Amino acid sequence: MDVKLPKLGEGAESGVVVSIAVKEGDQVNKGQTILELENEKAVAAIPASAAGKVSRINVKPGDRISVGHVLITLDGAGNGAAAAEAKAEQPKKSAAPAARPTRRAAPEPEYEEEDFDSSEEQPEETAADKAGFAPPASPSIRKLARDIGLDLRKIQGSDAGGRIVLADIRAYIHRLQRAAARGRGGSAAPASPAAEAKPPVERIDFSQWGSITRKPLSPIRQTISRRMVENAASIPHVTQFDEADITALTELRKKYADAYEKKGARLTLTSFALKAVANTLKKFAIFNSSIDEAVNELVFKDYVHIGLAVDTEQGLLVPVIRDVDKKDLFQLSKDVQELAEKARARKVSLEEMKGGTFTISNQGGIGGAHFTPIINKPEVAILGLGRGAMKAVVKDKKIEPRLMMPIALSYDHRVIDGGEAARFTVELVQAFENFKEENIKI
Amino acid sequence: MDAIKTEIVVIGGGPGGYAAAFYAADKGNKVILVEQEKRLGGVCLNRGCIPSKALLHATKVMQEAKESSFRGITFGNPTLDLPKMRAWKEGILEKLSGGVKSLAGMRKVEVMHGRGIFEDSHTLRVETPDGQKFVQFDKAIVAVGSKPAIPKIFDLGNPRIMTSTEALEIEEVPNELLVIGGGYIGMELGTVYAALGSKVVVVEALDSILAGADPDLVRPVLKYAQKNFKEVRTKTKVTHMSTAGPKIKVVVEGEGGKKEELYDRVLVSVGRVPNCNDIGLENTKVSRDEKGFITVNPQQQTSDPNIYAIGDVAGGVMLAHKASKEARIAVEVINGEESAFENTIIPAVVFTDPEIAWAGLTEADAKAKGIDVLVSKFPWGASGRALSFDRTDGLTKLIVDPATERILGVGLVGAGAGELIGEGTLAIEMAATVNDLAQTVHPHPTLSETLMEAAEAFFGHATHTFTRKREE
């Protein structure tokens with residue numbers, strides 16, 4: 001019988017053999033470690049899926065192997081004659097309750113944390129599986145699992161015949177919780193046990209230094225707070241600065257502002273920014289992507305939905321404008337106006353704040369220059385625009401007064417490299433500087 | 001006219017429908033139960049399970065009386081008072097449906113008598129004896145059941161060509177009775193009429209009666225039928241039927257060729273068809289499969305978000321207890337609970353003489369699907385209890401997963417097998433291993449010991465039988 005590499009867990013399909021724990025001629029038991037495999041996540045012990053004598057070892061340290069690869073060949077298991085032998089023995093085996101076969105050789109109440117998703121044992125398909133039976137558990141346990149959304153197939157039963165009992169569910173949930181806690185601490189690099197053992201918040205009496213007023217944090221503020229902490233902590237941010245010459249663009253805006261106004265839309269710099277960003281995103285798809293961390297995949301979106309940071313009395317809101325790449329400047333101007341009004345009136349729905357692929361935060365109307373915006377997860381980049389200011393710019397070896405707008409692009413360095421960000425910025429600056437008049441006309 | 005508003009309307013008052021209505025009421029829903037007949041209980045109570053079991057009991061008493069002389073008891077020849085027998089049977093049905101009605105009353109379930117027809121996805125028109133009523137519902141549960149199929153060539157409008165419905169009325173005991181279809185309905189009713197004195201001929205198109213049951217379980221039933229019926233012919237079809245005076249002429253085609261035969265009555269038991277052709281489903285988004293059954297997901301939801309379907313009309317095995325289980329699932333899902341018809345073991349019982357019962361995986365199923373299983377058997381010849389009432393023509397067997405020794409199926413044939421299968425079903429649902437069953441003490445002397453002994457036989461140490469070591 002061949003022992004193959006079992007599925008190791010989500011997204012982990014292969015690994016490198018670190019060491020081999022058995023040699024030819026060895027007698028191995030089911031569940032005994034036969035080799036260690038290193039994958040992206042951890043070093044995992046790979047157990048034998050059956051008992052028998054090792055007749056052949058098919059891998060060596062350093063080999064890169066993937067799921068299904070034959071690791072070793074066992075004699076005395078699986079093949080016809082041997083199976084019959086095993087069956088003939090079964091009555092004897094089972095007569096002694098201690099040797100009754102269970103799915104897990106020695107059930108332990110505690111699971112090894114390390115093997116949480118790296119050595120999820122893939123038991124061989126039993127007759128019960130083939131016949132489409134429920135995992136071995138009583139109806140009440142199955143109902144419990146359904147109620148709390150547990151997949152019983154992932155749980156090893158400790159009772160006779162691998163039956164899953166309440167204790168197994170408890171142990172499994174325990175293990176999930178510990179894994180989840182580890183995951184939270186783990187993303188913040190090795191030397192951060194602090195994340196797990198957060199000290200209780202120390203309360204400071206501010207009134208000892210003068211008079212104060214206290215206000216409860218509004219639900220919006222609490223959400224903003226939670227998301228900012230999450231985004232700032234989990235994404236490695238880099239912010240790229242530049243300036244765009246918007247002298248010509250401002251002239252164009254002035255030229256067409258009235259025409260837009262007459263048709264009921266305000267032509268603002270934000271509308272131009274939307275168009276410029278959408279065009280640039282089309283050329284740099286990675287800036288319009290998301291990471292699916294669960295499966296380690298990049299998700300590229302064929303749509304361009306841009307979120308606009310709106311400053312409201314209650315705090316920051318980010319309504320999303322859909323299909324920016326498919327809309328003309330007039331439509332975008334109308335959308336911006338509508339959404340901003342809705343946001344300020346607190347009438348923007350939760351739906352209207354979802355599905356963004358990129359965010360623009362334009363502080364130009366207020367003032368200030370460069371700033372470092374925080375990425376709005378699951379997006380991977382955000383553009384911050386400052387107030388345009390007249391600057392002495394050297395152009396064709398002459399100093400000219402030009403209206404320069406500060407731009408700042410924060411990007412997720414896990415998926416976007418610096419070179420790519422610089423190229424994006426250059427392209428974007430050009431989009432502002434060479435905005436075509438024909439795209440403004442209405 | 002003002003519509004009557006309700007949270008849930010259940011259409012059909014059979015074992016699926018009334019179970020759904022009651023459970024929903026128990027959960028606090030406002031429920032209306034629509035039933036087109038005067039009596040609640042559906043086919044099961046009025047024209048199926050219950051009356052057939054009553055008649056089987058009565059005829060068994062007759063049979064035993066006839067066959068007790070060897071025990072030293074001799075009765076006179078039993079005489080039959082058909083009107084009295086019918087009245088006795090009616091009394092049972094009356095009592096049961098009265099019980100269902102009063103249970104509805106106690107739960108404040110409004111029972112509306114009349115035909116229910118969907119106007120749209122939230123309105124049901126009910127044609128009651130006092131005119132039309134409109135029910136506006138949040139959710140509807142369709143539980144309108146099924147009726148005996150009667151192929152066109154048999155549908156001559158002759159009252160002596162019966163379906164199970166008419167056969168259960170036992171208007172008379174025909175001298176010669178032809179039963180078309182050797183499924184469980186044909187075999188059960190054939191047993192009744194044979195005991196009453198008819199010469200029963202069963203014809204079955206397939207190569208065995210009671211298709212679906214394991215052959216070793218069918219064998220004792222076939223033996224009984226061969227002794228007590230005039231004939232059981234498999235691989236045989238009825239290709240033509242016509243009225244010939246007081247008789248019915250049929251053309252039978254079997255392995256021996258074509259034959260013309262005359263019968264006094266014919267029972268057509270060739271399957272059942274769903275009752276959902278004229279309940280206005282076309283006015284909803286409910287979709288149906290090619291056989292006319294309503295298609296549902298494991299939550300019993302149809303393709304119309306407001307409408308659920310349960311029981312025979314939703315396809316699958318047509319058994320009352322399956323309908324009742326689906327009723328609970330539909331009500332739970334409507335009430336926002338996590339529930340689904342998945343991995344549910346539905347036991348089956350055939351009330352022939354002897355009875356056949358099984359649950360879970362059958363040996364035939366395992367073979368057909370290429371699933372490697374172990375089978376352990378205990379013949380009732382070794383059961384003291386079976387010997388004590390002269391019915392050793394029984395067998396208990398377990399279908400076992402070789403890797404885990406989990407019990408995947410239980411098969412039984414023998415007198416009272418139907419009462420034993422409950423333990424088997426529980427064992428399978430609990431994922432019991434053979435050893436669990438062997439370790440459980442069973443009372444002596446009972447037939448339930450045969451389950452324990454079959455488990456012990458698996459390990460080669462059953463007390464009352466000797467099993468050689470398994471050789472495979």
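Student: What should I keep in mind about the model and its numbering?
Tutor: This is a predicted model, where local features need pLDDT of at least 70, side-chain atom pairs count only at pLDDT 80 or more, and totals for chains, interfaces and linings use all residues. Residues are numbered from 1 along each chain as its sequence is written, while chains are lettered from A and ligands numbered from 1 in the order in which they are written.

Student: What makes up the secondary structure of chain A?
Tutor: Chain A has nine helices and 19 strands. Helices are DSSP runs of H or I with at least four residues, strands are runs of E with at least two, and both are numbered from the N terminus. Buried residues make up 29% of the 442 residues in chain A.

Student: What makes a residue buried or exposed?
Tutor: The number of other C-beta atoms within 10 Å of its own: 20 or more is buried, 12 or fewer is exposed, and in between is partly exposed, with C-beta atoms placed from the backbone.

Student: Why does Asn296(A) count as exposed?
Tutor: Asn296(A) has 12 C-beta neighbours inside 10 Å. The limit for exposed is 12 or fewer, so Asn296(A) counts as exposed. Asn296(A) is in the loop between β10 (289–292) and β11 (297–300) of chain A. Its phi is near 55°, a positive value in a residue other than glycine.

Student: Lys235(B) also has a positive phi without being a glycine. Is Lys235(B) buried, exposed or partly exposed?
Tutor: Lys235(B) has 14 other C-beta atoms within 10 Å, so it is partly exposed. Its phi is about 50°. Lys235(B) is in the loop between β11 (231–233) and β12 (237–244) of chain B.

Student: Why is Val317(B) called exposed?
Tutor: Val317(B) counts as exposed because it has 11 C-beta neighbours inside 10 Å. Val317(B) sits in the loop between β17 (307–309) and α8 of chain B.

Student: What does Val317(B) touch, leaving out residues up to four places away in sequence?
Tutor: Val317(B) touches Lys322(B), Ile346(B) and Ala348(B). Contact requires C-beta atoms, placed from the backbone, to lie within 7 Å. Val317(B) and Ala348(B) are 31 residues apart in sequence, and their C-alpha atoms are 9.2 Å apart.

Student: How do you know that α8(B) is mostly covered?
Tutor: In α8(B), 12 of its 15 residues are buried. Among them are Ala320(B), Lys322(B), Ile329(B) and Ile334(B). Their cover includes β1 (4–11), α1 (17–26), α2, α3, β6 (131–142) and β17 of chain B. Gly336(B) follows α8(B), with a positive phi near 80°.

Student: What span is expected of α8(B), and what does it reach?
Tutor: α8(B) reaches 21 Å from its first C-alpha to its last, close to the 21 Å expected. The expected span is 1.5 Å times one less than the number of residues. α3(B), with 18 residues, reaches 26 Å, close to the 26 Å expected.

Student: Why is α3(B) called oblique to α4(B)?
Tutor: The axes of α3 (residues 49–66) and α4 (residues 82–106) of chain B come within 10 Å and cross at roughly 140°. Axes are lines fitted to C-alpha atoms, for helices over the stretch in contact, and angles run from 0 to 180 degrees between N-to-C directions. Under 35 degrees is roughly parallel, over 145 roughly antiparallel, 65 to 115 roughly perpendicular, and the rest oblique. That makes α3(B) oblique to α4(B).

Student: Which residues make the contact of α3(B) with α4(B)?
Tutor: α3(B) gives Ile50(B), Pro51(B), Ala54(B), Leu55(B) and Ala58(B). α4(B) gives Met85(B), Lys89(B), Ile92(B), Leu93(B) and Leu96(B). They divide into nine nonpolar, no polar and one charged. Nonpolar covers Ala, Val, Leu, Ile, Met, Phe, Trp, Tyr, Cys and Pro; charged covers Asp, Glu, Lys and Arg; the others, Gly among them, are polar.

Student: Why are α7(A) and α8(A) called oblique?
Tutor: α7 (residues 269–283) and α8 (residues 329–344) of chain A pack at about 120°, with axes 9 Å apart. That angle falls among the rest, so α7(A) and α8(A) are oblique to each other.

Student: What makes the peptide bond from Lys377(A) to Pro378(A) cis?
Tutor: Its omega is near 0°. Pro378(A) is in the loop between β16 (358–362) and β17 (381–385) of chain A. Another cis peptide bond joins Asp353(B) and Pro354(B), with omega about -5°.

Technical notes. Contact = placed C-beta atoms within 7 Å.
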